[in-house]
Amino acid sequence: MRIGAHVDSADPLSEAAARRAEAVQFFLSDPQGWKAPQPRADADRLRAAEVDLYVHAPYVVNVATLNNRIRIPSRKLLLAHARAAAEIGARGLIVHGGHVNAGDDLAVGFDNWRKTFAYAADSGGFGLPVLIENTAGGDNACARRLDALARLWDAVGEYEVGFCLDTCHAHAGGEELLDLVDRVKAITGRVDLVHANNSKDAFGSGRDRHDNLAGGSIDPEQVVAVIRAADALVIVETPGGTDGQAADIAFLRGRLGAEGPAA
């Protein structure tokens, strides 16, 4: 069981060492911006590291939307981030499930996802697994509730697509964590990564606010149960900087019987 954290992108390997993390997730550009990632001076060091690397796509990416001014740049930006992530040896690129606007046909959003993978295939492929992440809010979201996720997987399942399960997003999105992994796998056949986060807000709130594992509105043992059932690599995206995340990683290792890296 390998456990890590979402960290600052300046020096991910130093951030991993500070947290005794076996994996890190980070952005390659401004998560709220549209700029393509630039080559990294530490690419050779990252590729050679024993730490598992994951990259999170910018939050602005929404390939489901019917708005051409967002959807088309989103496709291009997602492909650019995937290739930049592959260049540094990342194991996957995480991207939120996206949404359509109120009044738009959600079925078109699912088909836009299919077209995104077709666009990438026609352009030479992503170069690494793309992991679609469940989201916390929105009545027109493609991956908030499991009924929508099933429709999304009907659209993209023929492609090599993975799934990232966020415990805060599921709780805030109105999906019970009990047996959640079994219900997700019945749709996707897989859980590739777990974002282990508590939630500052109540069940079904639709609000995406992460908390440390010992706080928040989720029983931490439910998060542990999700991780056990998923049997996938874990990333904490919790507050508190190095100390807060190191404590969350240590908590999970203690509950899961994982040793972690040598000191």
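Guide: Cavities

The count comes to two cavities of 30 Å³ or more. A cavity here is a set of points, on a 1 Å grid over the protein atoms alone, where a 1.4 Å probe fits but cannot get out. Grid points are joined across faces, edges and corners, and a volume is the space filled by probe spheres set on the points. This is a predicted model, in which local features need pLDDT of at least 70, side-chain atom pairs count only at pLDDT 80 or more, and totals for chains, interfaces and linings use all residues. Residues are numbered from 1 along each chain as its sequence is written, and side-chain values use heavy atoms, with hydrogens and water left out.

The largest cavity holds about 50 Å³ of space. Its lining (residues with an atom within 4 Å of a point) consists of Asn134, Ala143, Arg144, Arg145, Leu146, Leu149, Phe163, Leu165, Ala170, Glu175 and Leu180. Helix H5 (146-156) and strand S6 (161-166) are the elements that give two or more residues to this lining. Helices (H or I, at least four residues) and strands (E, at least two) are DSSP runs, numbered from the N terminus. By class, the lining of the largest cavity has seven nonpolar, one polar and three charged residues. Ala, Val, Leu, Ile, Met, Phe, Trp, Tyr, Cys and Pro count as nonpolar, Asp, Glu, Lys and Arg as charged, and the others, Gly among them, as polar.

The second largest cavity has a volume of about 30 Å³. Around this second cavity lie His56, Ala57, Pro58, Tyr59, Val61, Val95 and His96. That lining divides into five nonpolar, two polar and no charged residues.

Technical notes: 1 Å grid on protein atoms, 1.4 Å probe; cavity = no way out; pocket = protein on both sides within 12 Å on 5 of 7 lines; lining within 4 Å.
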